[in-house]
Amino acid sequence: MFPELIEKKPSSGKDSAADGRHSRSIATRKRIVAGFIELIAEGIVAPTAEQVALRAGIGLRTVFRHFDDMETLYREVGTHVSMLIDQVLQTSLKAPNWQGKLIESIEMRTVLFEKLMPFHIASHVHRHTSPFVEKYMQQLHMLECAILQIILPSSILKDKLRFEALVQSLSNDAWVRLRREQKLTHKQATGVMQLAAEALTTIKG
């Protein structure tokens with residue numbers, strides 16, 4: 001009737017030991033994920049188990065024990081990428097018209113693309129062997145399209161070729177090309193995207 005007055009039985013040594021092992025297991029898993037993410041962020045598109053073990057400061061067998069399949073680890077990286085994206089999506093556009101919102105959104109997405117660039121490059125490496133990565137990249141593409149659909153007027157959305165040209169010109173793939181292959185600065189690459197958007201959204205006649 002009065003559970004707060006019932007004296008609790010002290011936990012057994014076995015329970016305490018089990019709790020300790022569980023806590024250590026969670027901490028180790030977090031170190032492995034953090035190490036994997038750090039390596040990709042540094043440009044290592046396909047970190048090996050040895051590299052992850054070294055970065056996490058644990059044994060190689062421990063890495064294999066916690067992640068016996070790479071799909072699980074990819075999902076953890078996907079969670080990290082989603083957090084970066086959510087931070088940008090929570091920012092409101094302040095421009096008074098759709099043209100201004102489009103240019104403003106390009107500035108925001110290029111900041112995001114810069115953060116995502118090593119993960120995006122790594123995704124292209126792994127998408128052919130990972131169902132999760134393949135599906136995740138398709139979802140990101142759909143998100144890029146959805147953002148434009150929210151901003152653009154119906155006159156442009158109804159023009160399929162114009163809209164698809166915009167999607168391609170303002171894509172993460174385009175950003176990687178501008179920054180890596182064409183070796184433009186962040187400011188220059190952003191300017192290219194904004195110029196392309198202005199050209200493609202100017203309806204003549």
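Arg162, Ala165, Leu166 and Ser169 of H8 meet Met193, Ala196, Ala197, Leu200 and Thr201 of H10, where contact means heavy atoms within 4.5 Å. Helices here are DSSP runs of H or I with at least four residues, numbered from the N terminus.

Before going on, this is a predicted model: local features need pLDDT of at least 70 and side-chain atom pairs count only at pLDDT 80 or more, while totals for chains, interfaces and linings use all residues. Residues are numbered from 1 along each chain as its sequence is written, and side-chain values use heavy atoms, with hydrogens and water left out.

Back to that pair. H8 covers residues 160-169 and H10 covers residues 186-201; they pack at an angle of about 175°, with their axes 10 Å apart. Axes are lines fitted to C-alpha atoms, for helices over the stretch in contact, and angles run from 0 to 180 degrees between N-to-C directions. H8 and H10 are therefore roughly antiparallel, the word for angles over 145 degrees. By class, their contact has six nonpolar, two polar and one charged residues. Nonpolar means Ala, Val, Leu, Ile, Met, Phe, Trp, Tyr, Cys and Pro; charged means Asp, Glu, Lys and Arg; the others, Gly among them, are polar.

At what angle do H5 and H9 pack? H5, residues 98-126, and H9, residues 172-181, are at about 95°, with axes 9 Å apart. That makes H5 roughly perpendicular to H9, a term for 65 to 115 degrees. On the H5 side the contact residues include Phe113, Met117 and His120, and on the H9 side they include Trp175, Val176 and Arg179. This contact divides into six nonpolar, four polar and four charged residues.

Now the spaces. On a 1 Å grid over the protein atoms alone, a cavity is a set of points where a 1.4 Å probe fits but cannot get out; a pocket is an open set with protein on both sides within 12 Å along at least five of seven lines; lining residues have an atom within 4 Å of a point. Grid points are joined across faces, edges and corners, and a volume is the space filled by probe spheres set on the points.

The count is one cavity of 30 Å³ or more. The largest cavity holds about 230 Å³. Its lining has 18 residues, with Val77, Val81, Phe119, Ser123 and Tyr136 nearest the centre. H5 gives the largest share, six residues. The lining has 13 nonpolar, five polar and no charged residues.

Ser123 sits in H5, and its side chain reaches the backbone oxygen of Phe119 at 2.8 Å.

The largest pocket has about 620 Å³ of space. It is lined by 30 residues, and nearest its centre are Arg109, Leu140, Leu143, Glu144 and Ile147. H4, H5, H6, H8 and H9 each give two or more residues to that lining. By class it has 15 nonpolar, 10 polar and five charged residues.

Methods. Angles under 35 degrees count as roughly parallel, over 145 as roughly antiparallel, 65 to 115 as roughly perpendicular and the rest as oblique. A polar contact is a pair of N or O atoms within 3.5 Å; within protein, one must be able to donate a hydrogen and the other to accept it, and residues adjacent in sequence count only if both atoms are side-chain atoms.
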